[in-house]
Amino acid sequence: MPRILSFARLGEPILYEKTPLIPDPTALEIQEAIADMLHTMEVRGPCFGLAAPQVFIPLRITIFSIPKVPHHSRYSYTPEYDPDGVPQTIMINPEITPLDDETTPGWEGCLSVPGLLGEVERYHSIRYTFQSPDGKTHTREAHGFHARVVQHETDHLDGILYTMRMKNLRSLTFSEENLKHRELFETH
Ligand code: NI
């Protein structure tokens, strides 16, 4: 039976550690960790992504998906790149290569930093490679919000939280207040 895992919040040491590469994605302990993460996401309710260290698992695994909706009150989707959204993707050992130097600011939140949003610069276009639980290697290109989510989740595997990427902490705001007064904090 998969377990419901508890969340590590800002200040837990595991969130600041770099996780090691997983030698065999098909290993039983990896499959069990993924099952626990999926179950936890189901119970916890919808979220864009979850990285294993956020649920106290020191492994190089993240799960994300981007639903098919043109707009979200908290985030700026980029349906021009992913009109059908991005289906649930389990990434083991993800690696990111920016396609160029262009960066764009956008809003981010995190289960490890509950209730808050902040504006973060990320590469607009990336290529990323990862292994799926069957051990196969996949390569994708991503732009806009899709690229942002992959960068955010992969950062978790290197001990980096979005707040550590913020150039100006002025935009670090509670999401309810942010939605009411966003124009005061948004640079894009
Ligand atoms: Ni996060």
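A residue counts as buried when its relative accessible area is under 20%. Asp-36 has 6% relative accessibility, so it falls in the buried class. Keep in mind that this is a predicted model.

So what does the side chain of Asp-36 meet? It meets the side chain of Arg-3 in a salt bridge, at 2.9 Å from N to O. That pair links distant parts of the chain, 33 residues apart: Arg-3 sits in the segment before helix H1 (28-44), while Asp-36 is in helix H1 itself.

## The salt-bridge network

The salt bridges come to 10 by count. Several of them join up: Glu-108, Arg-122, Arg-148, Asp-155 and Arg-165 are linked in a network.

Take Arg-148 and Glu-108, whose closest N and O atoms are 2.8 Å apart in their salt bridge. Here helix H2 supplies Arg-148 and strand E4 (residues 103-110) supplies Glu-108, which lets the pair link distant parts of the chain, 40 residues apart. Both Arg-148 and Glu-108 are buried.

Then there's Arg-122, in a salt bridge with Asp-155, again with 2.8 Å between the closest N and O atoms. Because Arg-122 lies in strand E5 (residues 113-123) and Asp-155 in helix H2, this pair ties together parts that are 33 residues apart in sequence. Arg-122 and Asp-155 are buried too.

## Strands E4 and E5

E4 and E5, which hold Glu-108 and Arg-122, pair with each other. The sense is antiparallel, over 7 bridges, and a hairpin of 2 residues joins E4 to E5. For a landmark, look at Thr-103, which stands opposite Tyr-123 in E5.

## Two nonpolar cores

The largest nonpolar core has 18 residues, and Phe-64, Ile-66, Met-91, Ile-126, Tyr-128, Phe-145 and Val-150 are the ones with the most contacts inside it. At least two core residues come from each of strand E2 (61-66), strand E3 (86-98), strand E6 (125-131) and helix H2 (144-157). Which element gives the largest share of this core? That's H2, with 4 residues.

Apart from this core there is another one, of 17 residues, including Leu-5, Met-41, Ile-57 and Ile-90.

## Rings around Phe-48 and Phe-145

Leaving aside residues up to four places away in sequence, Phe-145 touches Phe-48, Ile-66, Tyr-75, Ser-76, Tyr-77 and Thr-78. Some of these neighbours turn up again among the rings: Phe-48, Tyr-75, Tyr-77 and Phe-145 are linked into a cluster by ring pairs. The whole structure has 6 aromatic pairs. In one of them, the rings of Phe-48 and Tyr-75 have centres 4.9 Å apart and planes at 85 degrees, so the pair is edge-to-face. Phe-48 is in the loop between H1 and strand E1 (49-51) and Tyr-75 in the loop between E2 and E3, so parts 27 residues apart in sequence are tied together. Both Phe-48 and Tyr-75 are buried.

Phe-48 also pairs with Tyr-77: the centres are 5.8 Å apart and the planes stand at 85 degrees, so this one is edge-to-face as well. Since Tyr-77 lies in the loop between E2 and E3 and Phe-48 in the loop between H1 and E1, the pair ties together parts 29 residues apart in sequence. Phe-48 counts as buried because its relative accessibility is 16%, and Tyr-77 is buried with a relative accessible area of 8%.

## A charge over a ring

The charged end of Arg-44 sits over the ring of Phe-7, 5.5 Å from the ring's centre.

How values were computed
Residues are numbered from 1 along each chain as its sequence is written. This is a predicted model: local features need pLDDT of at least 70, side-chain atom pairs count only at pLDDT 80 or more; totals for chains, interfaces and linings use all residues. Side-chain values use heavy atoms; hydrogens and water are left out. A nonpolar core is a set of buried Ala, Val, Leu, Ile, Met, Phe, Trp, Tyr and Cys residues joined through side-chain atoms within 4.5 Å. Buried means under 20% relative accessible area, exposed over 50%, partly exposed in between (1.4 Å probe, protein chains only). Contact means heavy atoms within 4.5 Å. A salt bridge is a side-chain nitrogen of Lys or Arg within 4 Å of a carboxyl oxygen of Asp or Glu. Two strands pair if DSSP finds at least two bridges between them. Rings of Phe, Tyr and Trp (its six-membered ring) pair if their centres lie within 6.5 Å; planes under 30 degrees apart count as stacked, over 60 as edge-to-face and the rest as tilted. A charge sits over a ring if NZ of Lys or CZ of Arg is within 6 Å of the ring centre and within 35 degrees of the ring normal.
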